[in-house]
Amino acid sequence: QVQLVESGGGLVQPGGSLRLSCAASGNTRSINNMGWFRQAPGKQRELVAAIISGSITNYADTVNGRFTISRDNAKNTASLQMDSLNLEDTAVYYCAAGRGPWRLPRQYDYWGQGTQVTVSS
C-alpha cells in the first residue's frame with residue numbers, strides 16, 4: 001500500500017503561482033508513475049501532468065508551458081509548480097501514483113485526498 005498526502009493549495013489571483021506537493025509513504029518502491037489530476041465542479045477528472053518512469057514528463061495542452069511536474073525519489077515527494085494561473089485552473093487537484101499506463105484516472109492505484117486551488121480576483 002501507498003499513502004499520498006497533498007499540500008499547497010489555496011487562493012491565488014490570476015497570473016499568480018502556487019506549488020503543490022505530494023508526500024508518499026508506504027511501499028513507494030512499487031510506484032513507477034506519478035500524476036497530478038484535477039476536477040472542477042461538474043467536470044470529469046482530467047490529467048494535468050505526469051512523470052513517468054521517474055523522469056519522463058507529460059503535460060495537458062492547457063497547462064503546457066505554465067506547469068512543471070517534478071519528483072524527488074530520495075524524499076518520496078512529487079511537486080507541481082503552477083505559474084501564470086488563470087480562472088480555468090480552479091479545481092480540486094489530486095496526486096496519484098501507479099505502475100503501468102498513466103493517461104487515465106482508472107490506471108492509477110493510489111490517490112491523495114485532494115487540495116483545492118482557487119484562482120480568483
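Contact here means that heavy atoms lie within 4.5 Å, and by this rule Leu-4, leaving aside its neighbours within four places in sequence, is in contact with residues including Cys-22, Ala-24, Met-34, Cys-95 and Trp-111. This is a predicted model, in which local features need pLDDT of at least 70 and side-chain atom pairs count only at pLDDT 80 or more, while totals for chains, interfaces and linings use all residues. Residues are numbered from 1 along each chain as its sequence is written, and side-chain values use heavy atoms, with hydrogens and water left out.

**Nonpolar cores**
- A nonpolar core is a set of buried Ala, Val, Leu, Ile, Met, Phe, Trp, Tyr and Cys residues joined through side-chain atoms within 4.5 Å, where buried means under 20% relative accessible area, exposed over 50% and partly exposed in between (1.4 Å probe, protein chains only).
- The largest such core has 30 residues, and Leu-4, Met-34 and Trp-36 are among those with the most contacts inside it.
- Apart from it lies another core, of 7 residues, among them Leu-47 and Tyr-108.

**Aromatic residues**
- Rings of Phe, Tyr and Trp (its six-membered ring) pair if their centres lie within 6.5 Å, with planes under 30 degrees apart counted as stacked, over 60 as edge-to-face and the rest as tilted; the count comes to 4 aromatic pairs.
- The rings of Phe-37 and Tyr-108 have centres 5.1 Å apart and planes at 85°, so this pair is edge-to-face.
- Both Phe-37 and Tyr-108 are buried, whereas Trp-111 counts as partly exposed at 28% relative accessibility.
- Phe-37, Tyr-94, Tyr-108 and Trp-111 form one aromatic cluster.
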